[in-house]
Amino acid sequence: MAAEPIVQVRELSKIYRQGDLDVVALNGVSIDIFPREFVALMGPSGSGKSTLLHIVAGIDRATRGTVLVQGIDVAGLNESQLAEWRNQNVGFVFQTFNLIPVLTARENVELPLLLTRLNGSERRRQVETALQLVGLADRMHHRPDQLSGGQQQRVAIARALVTDPALVVADEPTGNLDAKSAADVLSILQALSRDSGKTVIMVTHDPKAAAYGTRSLHLEKGEIVA
Amino acid sequence: MNILTFIAKNALRNRRRVILTVSSVAVSCGVLVTLQTLQRELTIPPESEAASLRVIARNKVSIAQPLPARQLGVIERIPGIVAVSPFTYFGGLYAEEKATGFAQFGVDPERFRGIMVEGRVVQGAYDDWVADRNSCMVGADTLDRYKLRVGDHMRFTGTFYPMDLDLRIAAVFQGTVDDRGVFFHHKLLDDAMDNGGAVGTWYMRVESAAVAPQVIAAIDRAFENSSAEVRAETERAFQMSFMSMLGDVKSLTLSVSSVVVFTLMLVTVSTMSMAIRERFRELAVLKALGFRRHELFSFILAESFGLAGAGAVLGIFGTWIFWSTVNLQKLTAGFLVYFEVTPRIMAMAGIVAAVLGIVSAMGPALAVARMSVVDGLKTID
């Protein structure tokens, strides 16, 4: 394991305002995550695990504390810089796949590359590589409604990988899948950290899913408990 | 795939809505173009070079009041006037018609020759008309419309005058801005009314457009403080005064056009709002993937602009083709003659549609810009 953490979280707090009430989602969380780790964030609903994932991935802002990803203070980036940073450094996998229904698998995977300077043939090559990695090269011309849930999630993983990010975040990636498809998806995520050198942070309720990771972190009431 | 393909696929994802939206914009643009063309037709009389040299003098009190024929001698002596003829509107109904779409005027054929210089006789002979006081000269459009020939008779029932006319067609003219009129010998009116001393108006041609203002002023001055003061004006101004009798056409068409534009705006705004609201979650995903506000704004704008543009092209060019092929003069019994959809009107409708496309994208685009990725991902499909 490398000495330098890829993600450094220090005294991170997130407080939501709901009407007149302040809801503490995260309360002074500090963690380090190292390259090639596959970290499972576990905890009951409302424990703050998704909030932590969102802040680390740069799609939400903390109320207090710092988050350094590859040495970059994510909170210090403005909206535009943050968007560019996410495009280049973070791959997202969501529970509900979130593929664009009118695009084919190949087009969905290509989406993040439209923001790069790659030309059409370079983009096509990277997309095909990513789809081969998740075992869907033969489904690249299928639209999401022509794919099973497991296949859709694998397309989403290919989309997360296509820009070759250092960090892949997955929010309940198996929540909508049957056991077989879930196992396939988790194996792919595991292989990403083990064989491809990616750092994977996954939110899950499922201890079986967490078992695929190299480490589990448990949150309760916005604090790391184990 | 490139960005344009992505925008096109998004815009066309709901085919039914696209068809309905584009159709709504097309119909609205069509109505807008039609209204503007109607306004133009009713408020801007056709112009010709010869018309700019013609002046009409009428009774200052009202056009319905006749002028004394003795004024002819005075008018003829005014410098700058090349030709002058009595010009009296008959207002008869042709054959069995309840409404006749072309005018009939009593003129002095010999004098009239020097006034309507841009027209040419295409059938029959001008001299034949001059020689036969019971004959007339007819515009080619009217001849064609009623399938008449030289030598046929046209019978008119008087509405203003307590007399009827039975005129043999001696000549057919063409080449004026309005080839519909029928001209006959003023003497018929003089004899029938037994008052050879009255005319409806005086119709004149002046040497040049430059002298027209002086001639008009001289005519007015010549009959100041007489029993029949006149008001002289250019042919164009005279026609405009007729148009004003139709009412405030501009205000009417402007009001209806505003309603059309407002409806068009509601259609495009509601369509774009629905289309974007349905895709909030997807747009949040795009944001997560690294698309920035201005890129999402461009997608929404391009989609809205594209739909409005497609509707505008269909509506504007469809309307242009439609009015170019329909014989409106025949359909409206000669009320509408040219009904020309001009490039200016088409451009105006195109600009309206483009502006609406932009305006309708604003609301959804701002909502997407304000949306946080986390809130967007929570949106239920």
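## Exercises on a predicted two-chain model

Leaving aside neighbours within four places in sequence, A:Leu41 is in contact with A:Lys49, A:Leu52, A:Leu53, A:Ile201, A:Met202, A:Val203, A:Leu217 and A:Leu219. The model is predicted.

**Exercise 1.** State how many residues the largest nonpolar core has, and which element gives the most to this core.

*Solution.* Step 1: the largest nonpolar core has 120 residues. Step 2: A:Leu41 is among those with the most contacts inside it, together with A:Val56, A:Ala158, A:Val169 and A:Leu189. Step 3: α12(B) gives the most to this core, supplying 11 residues. Step 4: another core, of 44 residues, lies apart from it and includes B:Ile115, B:Cys136, B:Ala170 and B:Ala232.

**Exercise 2.** Decide how α2(B) lies relative to α12(B): roughly parallel, roughly perpendicular or oblique.

*Solution.* Step 1: helix α2 of chain B covers residues 15–43, and helix α12 of chain B covers residues 293–325. Step 2: the two pack at an angle of about 45°, and their axes are 7 Å apart. Step 3: angles under 35 degrees count as roughly parallel and those from 65 to 115 as roughly perpendicular, so α2(B) is oblique to α12(B). Step 4: the crossing of α2(B) past α12(B) is right-handed. Step 5: their contact has 14 nonpolar, 10 polar and no charged residues.

**Exercise 3.** Describe the side of chain A that touches chain B.

*Solution.* Step 1: 21 residues of chain A are in contact with 19 residues of chain B. Step 2: on the chain A side, α2 (79–89) and α3 (105–110) each supply at least two residues. Step 3: α2(A) gives the most, with 6 residues. Step 4: by class, this side of chain A has 11 nonpolar, 4 polar and 6 charged residues.

Methods
Residues numbered from 1 in each chain as written. Chains lettered and ligands numbered in written order. Predicted model: local features only at pLDDT ≥ 70, side-chain atom pairs only at ≥ 80, totals over all residues. Axes fitted to C-alpha atoms, helices over the stretch in contact; angles between N-to-C directions. Helix = DSSP H or I, 4+ residues; strand = E, 2+ residues; numbered from the N terminus. Parallel < 35°, antiparallel > 145°, perpendicular 65-115°, else oblique. Left-handed = near helix turned anticlockwise from the far one by under 90°. Nonpolar A, V, L, I, M, F, W, Y, C, P; charged D, E, K, R; others polar. Contact = placed C-beta atoms within 7 Å. Core = buried A, V, L, I, M, F, W, Y, C linked by C-beta atoms within 7 Å. Buried ≥ 20, exposed ≤ 12 C-beta atoms within 10 Å, placed from the backbone.
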